[in-house]
Amino acid sequence: MLIRKPPDINSSEITPAQHYFNRRELLRSAGFIGAGALLAGTAAASEIPAGFRRLTGVQRWPGSLKDTPNTFEEITSYNNFYEFGTDKGDPAENSGRFKPKPWKVRIDGETEAPGTYDFDTIVKAQALEERIYRMRCVEAWSMVVPWVGIPLASVLKRYKPTSKAKFVAFETVVRPEEMPGQRSRVLDWPYVEGLTIAEAMHPLTLLVVGVYGVELPAQNGAPLRLIVPWKYGFKGIKSIVRISFTEKRPPTTWSLAGPSEYGFYANVNPKVDHPRWSQATERRVSSGLGSLFAARQETLMFNGYAEQVASLYTGLDLVKNF
Amino acid sequence: MVSARQIRLVGKPLAHLACSLPLIVLILSLAEIGGLRTGPNPQLYIRDVLGTWGLRLLLLTLAMTPLRRLTGKPWPLRFRRLLGLWAFAYLALHFLTYFFLDRSLDIDVIVEDILKRPYITLGLAAFLLMVPLAATSTAGWQRRLGTRWLQLHRLIYPIAMLGCWHYYWLVKKDVREPLIYCGLLAILLMARVWWARGAGARN
C-alpha cells in the first residue's frame, strides 16, 4: 500500500519565481547595497516555500544563468526518477515514504581515506552556493534550475584520491520499500553513474543538496545528488550512497540498458542525435496556456557550457564517444 | 434483443458521449478547470493523451467483429463506424498537435523527422492510410465501391499494427504499456484468423 505524502505547501505560500529572483533588487532598492552574499542567503530563507527546510548561508555564484528559472512547482512535479516510477509525475506522487535522513555515504576505491561518512561531514565543511544552471534531458526537454550545492571537486579532494583514481563512480540507494519503482526491473538497481576524474574535478560539476534555497525534495534526489550541467540529465545521479574512485571506467545504468542509445559521456550535443529522436532542439518546460504555442529552442553545444568544458574533450571523437 | 431504434436513439448518443469524454477532460485540463492539469509540458501531454486514446479506440473498433461472434448478436457492428471515426478524430488531433504545437510548423524539421525517425514514419504512414477509410465511411461510398469497399477497409489491420509498433518504438525504456496494446491487437487479429480457418465457418 502506498501512503501518499500530504501536500505540505499551499500554492499561496510559494514565492513566485520572479519575486524570488528579484529579492536582491528589492533589498538593493531598500538601501541594503553591499550587504553581501550572506545577507542575500538569509533574505532568500524568508521567502521560500514552507514545509521544506531552508538552507542557510547560501552564497550566490557569479556564473549563474540570467534566464528566468522554472518554477518550484515545475521543477518538483516533472521528474525522471525511475526509482519512484517511470511517469514524470510518479516521483512527486510516490516519494512520500522516502527518508533522506539520516544519510551516510560510503567513499571507497582508490582513496587514502576510505570510510562511511555522515551527510553532514561531507557537506557541512564548506559554504553552499546557489547556481542557476540549464538542465537538458536526453528526451529533448529542458529547464533552468537554481540548484544549491558545493563543487564536487572540493569534496573529492578532501577524501584524497590516489594517483590510480582515473574515474569516479556513483551509486543510488536501494530501498524498494520506500521506492516503489525499484520493485520492478525496468532498470538494473542500484542506479550507477560515473565520470572521468577530470570531469568530476571540473569546477562546474556540483554536488547538490537543495533547490530554490531549500533542501532537495525526495523527487529531485534527496538528500544528495550530482549535477553535471553540460551532460544529459541522466548523468545527474540522485540519492547518492556511494562514491568510488576507480582505475577503470565504471559501468553506467543507461549505457547498460541501451548501449546504442546512451553512452558513457552523454555530453549534450545538438549534432549527435539519439538513434530515435533529434537532439538539435529542445522543449523548454513551461506550464500554462501562455506557452502552448511557444516554439522549441536550439540545443547548445555542451548545453551552453562549451567555453568551460570543451577542452576536456580535445581529440576525442564525440560522435563515437556519445 | 436490442432494436435498431434503441441503437439509434440511445446506444449511439451514449457512445458519442463516451468517446468525447477524454477530449472534454483534455480541454478542461488545458483550462485548469476542476483541479485538472496538463503538467509542465503541455504540448507533449496533449500529444500523448490524444495518441493513446486514438489507439484505444482503434482497438475497440477492431473488437466489434469478435464481439458479434461471441455474443451472436449483430448490434456491435452498428458501432464500428462510429468508433473508427472517433479513433480517426483523435489521431488527426494527435498528428496536428505534433505538427503545430510540438514542431511549430517547421517543415524542415518535420521532413527530417519523417525521414530519419522510424517511429514517426510509422505513425505518419498509419495516419495517412486512415484518411481514405474515414473519407469512404459513408453509406453512399460503401454502395458505390461494393466489394472493393471491404477490401479497402481491411487496411485497418496494417493501420493498427503500425500504430502499436509506433507506440512500442517511441518509449524510452518502459515498454510494458505498449506491450499491452500489442498483445490486445494480437488477440483481436488471431481471433479473426481462427474463425476464418473453420472454427468460425460453422457459425
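**Entry 1: strand β5 of chain A**

I began with a pairing: strand β5(A) and strand β12 (residues 281-284) of chain A run parallel and are joined by 2 bridges. I noted the rule that two strands pair if DSSP finds at least two bridges between them. I also noted what an element is: helices (H or I, at least four residues) and strands (E, at least two) are DSSP runs, numbered from the N terminus. S142(A) has R284(A) as its bridge partner in β12(A).

This is a predicted model, where local features need pLDDT of at least 70 and side-chain atom pairs count only at pLDDT 80 or more, while totals for chains, interfaces and linings use all residues. Residues are numbered from 1 along each chain as its sequence is written, and chains are lettered from A and ligands numbered from 1 in the order in which they are written.

Next I looked up the other partners of β5(A). With strand β8 (residues 206-211) of chain A, the pairing is antiparallel over 5 bridges. There, G149(A) stands opposite V208(A). Strand β4 (residues 129-136) of chain A is also antiparallel to β5(A), with 8 bridges. I132(A) faces P146(A) across that pair. The hairpin of β4(A) and β5(A) has 4 residues between the strands, and A140(A) takes a positive phi near 70° in it.

Is β5(A) largely enclosed, or open? I found 10 of the 11 residues of β5(A) (residues 141-151) buried, so the strand is largely enclosed by the rest of the structure. Buried means 20 or more other C-beta atoms within 10 Å of a residue's own, exposed means 12 or fewer, and partly exposed is in between; C-beta atoms are placed from the backbone.

**Entry 2: an open sheet in chain A**

I traced 5 strands in an open, mixed sheet of chain A, in the order β3-β2-β11-β6-β7. Its edge strands are β3 (115-118) and β7 (192-196), each pairing on one side only. From one strand to the next the twist averages 20°. Inside this order I checked β2 (residues 104-109) and β11 (residues 240-246) of chain A, which run parallel with 4 bridges. R106(A) stands opposite R242(A) there.

**Entry 3: chain B**

I counted 9 helices and 0 strands in chain B. Its C-alpha trace spans about 55 × 40 × 35 Å along the principal axes. Of its 203 residues, 25% count as buried.

I then took helix α1 (residues 4-30) and helix α2 (residues 42-71) of chain B. Their axes come within 10 Å and cross at roughly 175°. Axes are lines fitted to C-alpha atoms, for helices over the stretch in contact, and angles run from 0 to 180 degrees between N-to-C directions. α1(B) and α2(B) are therefore roughly antiparallel, a label for angles over 145 degrees. Among the residues making this contact are C19(B) and L26(B) of α1(B), and I46(B) and W53(B) of α2(B). Contact means C-beta atoms, placed from the backbone, within 7 Å.

Last, I looked up I180(B), in helix α9 (residues 176-199) of chain B. I180(B) is exposed, with 12 other C-beta atoms within 10 Å. Its C-alpha atom is 9.5 Å from that of C164(B), 16 residues apart along the chain.

**Entry 4: where the chains touch**

Technical notes:
Angles under 35 degrees count as roughly parallel, over 145 as roughly antiparallel, 65 to 115 as roughly perpendicular and the rest as oblique. Two residues are in contact if their C-beta atoms, placed from the backbone, lie within 7 Å.
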